[in-house]
Amino acid sequence: MNRQSTSGYHGIPRWVYAVAAVGGLLVVLPLVAMVAKVNWPQFIPLITSESSVAALGLSLRTSAASTILCIVLGVPLALVLARGEFPGQRLLRSFVLLPLVLPPVVGGIALLYTFGRQGLLGKSLELAGIQIAFSTTAVILAQTFVALPFLVVSLEGALRSAGNRYEAVAATLGARPTTVLRRVTLPLVLPGLASGAVLSFARSLGEFGATLTFAGSLEGVTRTLPLEIYLQRESDADAAVALSLVLVAVAVAVVGLSYGRRRNSAEVQA
Amino acid sequence: MRTLHLKTSIVGISVAVGLAGVLAACGTTAPTAAPSGTSGSAQLSGTVTVFAAASLKATFTQLAKDFEAKNPGTKVALSFAGSSDLVTQISQGAPADVFASADTKNMTKLADAKLVEGTATNFATNVLEIAVPPSNPASISSLADLAKPGVKVVTCASQVPCGAATDTVEKASGVSLTPVSEESSVTDVLGKVTSGEADAGLVYVTDVKGAGDNVKGIPFPESDRAVNIYPIATVGTSKNKELAAAFIAAVTSEAGSQVLSDAGFGAP
């Protein structure tokens, strides 16, 4: 399918391939080195220990929850950014994208001063009997904070490239905005939404810094897989490597799924 | 501390000569081994790279400054991290001359890898202390108070030295804690206390001292059941063992011990 591209021109200089190979190696080589370090005879016992299973389960549950939260909050955000017209739109986009480039620790500190016991909202929440610090909710909040931009960027891109011709037609036929959104817009950008959601899930799964700073680390409550790896590294390097491999495998599966989906949908459209 | 420093430097060279030596040293590039010595006031030179546990940051920075002042022509390069991280780095070939660990376990790990020259010397000890926010919101005054319902306690996880010490103290005292979080480092525990998220945390005496007014320390008698010993040794692959030995001698000297005890460390 690549070969039947619209322009038909593929004159990539050979040296570009060489540099690209170096770039690829930079990413792949450390992963290979890690796989080489895995203590295979002990692999299954290491990844099925009680603490490992608790961490993996917590990671999957919290990532699923934060992905749902990303969809609920991110779809309206992407719509507003792609289709809306209002002052401060560009500013809003910059802020929504900020967690992409922010060091996670900074995100954690910011969340702490928002939802922590002494924080901006935390004080009122505490009075209402809601405590977020050291809870699984804190983990989900931290993950949503870092993962939301992935969904917004993917979906906004999909919305822009889809254009709004069909919506305009639907509107002239008398459909209300909510109906247009539900019956036309969302089905059109479903592939973009799906890949955005998958990326958000993957980012949530890998979240470390903000969680460590904001949520703490307790088995089964806040100690997700990355935090478990960080801790195991102190005492049992074999366990840390084995768990890292599990995380890499899950990430590869998730990204592969997303990429495959995007390719398929591209083929359908082409 | 200052008087001690002066006392020791009287033996040596005048300040002016010392300064000249430092200036001259700036010009030399290669960390060549010391011109092996006429005994007594052997002329040391070059750079000694010291890998030290994170909890030694303040004291070793001071000790390095004193060492450089007393031995013109030398430079101390410091690298601080968790002891187990440092062992990993040295095992992977990091160019360290001296290793100072926060526990004997990690020093043993390095010795098992045949990377310790001779035997390690114990130079300091450290015990746990309760750290609370300055206002002490949960009115903590003893270890038993930490087990009260509703008190948010943060500790180190068992996998790291401070967590192992916490386990020992719990067992010895019969107080069983249910922490809201088990962190991977003392710094993280301290962070949860200084930010007011936790009512109390168990950290080292030296951490409480280092945090200044941000936390209040509450010593407890049961802490002597888990005394952490800090060993120091020359790394086997060191290219400047003479200078490494000289730095270790400075740490274990009377002046060095004073710097350490000022920071809250106990004698070995």
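Hi everyone, and thanks for coming. Please keep in mind throughout that we are looking at a prediction.

Let's start with chain A. As for its extent, the C-alpha trace of chain A spans about 65 × 60 × 30 Å along its principal axes.

I'll show you two of its partners. One is α7(A), residues 136-162. The axes of these two helices come within 6 Å and cross at roughly 40°. At that angle, α3(A) and α7(A) are oblique to each other. The crossing is right-handed. And which classes of residue make up this contact? There are 19 nonpolar residues, seven polar and three charged.

By class, the contact between α3(A) and α10(A) holds seven nonpolar and seven polar residues, with no charged ones.

Now over to chain B. Chain B comes in two domains: domain 1 covers 46-125 together with 229-263, and domain 2 covers 126-227. In other words, domain 1 is written in two stretches of the sequence, with domain 2 between them. The C-alpha centres of the two domains lie 27 Å apart. Eleven residues of domain 1 and ten residues of domain 2 take part in the contact between them. On the domain 1 side, the elements that give two or more residues are β4 and β10 of chain B. That side divides into six nonpolar residues, four polar and one charged.

In what order do its strands lie? The order is β2-β1-β3-β10-β4 in chain B, an open sheet of five strands with mixed pairing. At the edges sit β2(B), residues 74-81, and β4(B), residues 116-126, each pairing on one side only. Ignoring direction, neighbouring strands are turned by 20° against each other on average.

Let me zoom in on one pair. β3(B), residues 98-100, and β10(B), residues 228-235, pair in the antiparallel sense over three bridges. If you want one bridge to look for, A100(B) has I232(B) as its partner in β10(B).

Helix α4(B), residues 83-91, lies across β1, β2, β3 and β10 of chain B. It runs at about 135° to β1(B).

Chain B also has a helix pair worth a look: α3(B), residues 57-70, and α10(B), residues 254-262. They pack at an angle of about 150°, with their axes 9 Å apart. That angle makes α3(B) roughly antiparallel to α10(B). Their crossing is right-handed. From α3(B) we have T59(B), Q62(B), L63(B) and D66(B), which meet A255(B), G256(B), V259(B) and L260(B) of α10(B). That contact has four nonpolar, three polar and one charged residues.

Last stop: the contact between the chains. How many residues does each chain bring? Chain B gives 17 residues and chain A gives 16 residues. On the chain B side, the elements giving two or more residues are β7(B), 181-183, and α7(B), 186-194. The largest share of that side, three residues, comes from β7(B). By class, the chain B side has four nonpolar, seven polar and six charged residues.

Terms used: Residues are numbered from 1 along each chain as its sequence is written. Chains are lettered from A and ligands numbered from 1 in the order in which they are written. This is a predicted model: local features need pLDDT of at least 70, side-chain atom pairs count only at pLDDT 80 or more; totals for chains, interfaces and linings use all residues. Two residues are in contact if their C-beta atoms, placed from the backbone, lie within 7 Å. Helices (H or I, at least four residues) and strands (E, at least two) are DSSP runs, numbered from the N terminus. Ala, Val, Leu, Ile, Met, Phe, Trp, Tyr, Cys and Pro count as nonpolar, Asp, Glu, Lys and Arg as charged, and the others, Gly among them, as polar. Axes are lines fitted to C-alpha atoms, for helices over the stretch in contact, and angles run from 0 to 180 degrees between N-to-C directions. Angles under 35 degrees count as roughly parallel, over 145 as roughly antiparallel, 65 to 115 as roughly perpendicular and the rest as oblique. A crossing is left-handed if the near helix is turned anticlockwise from the far one by less than a right angle, and right-handed if clockwise. Two strands pair if DSSP finds at least two bridges between them. Domain bounds come from an automatic or database domain assignment.
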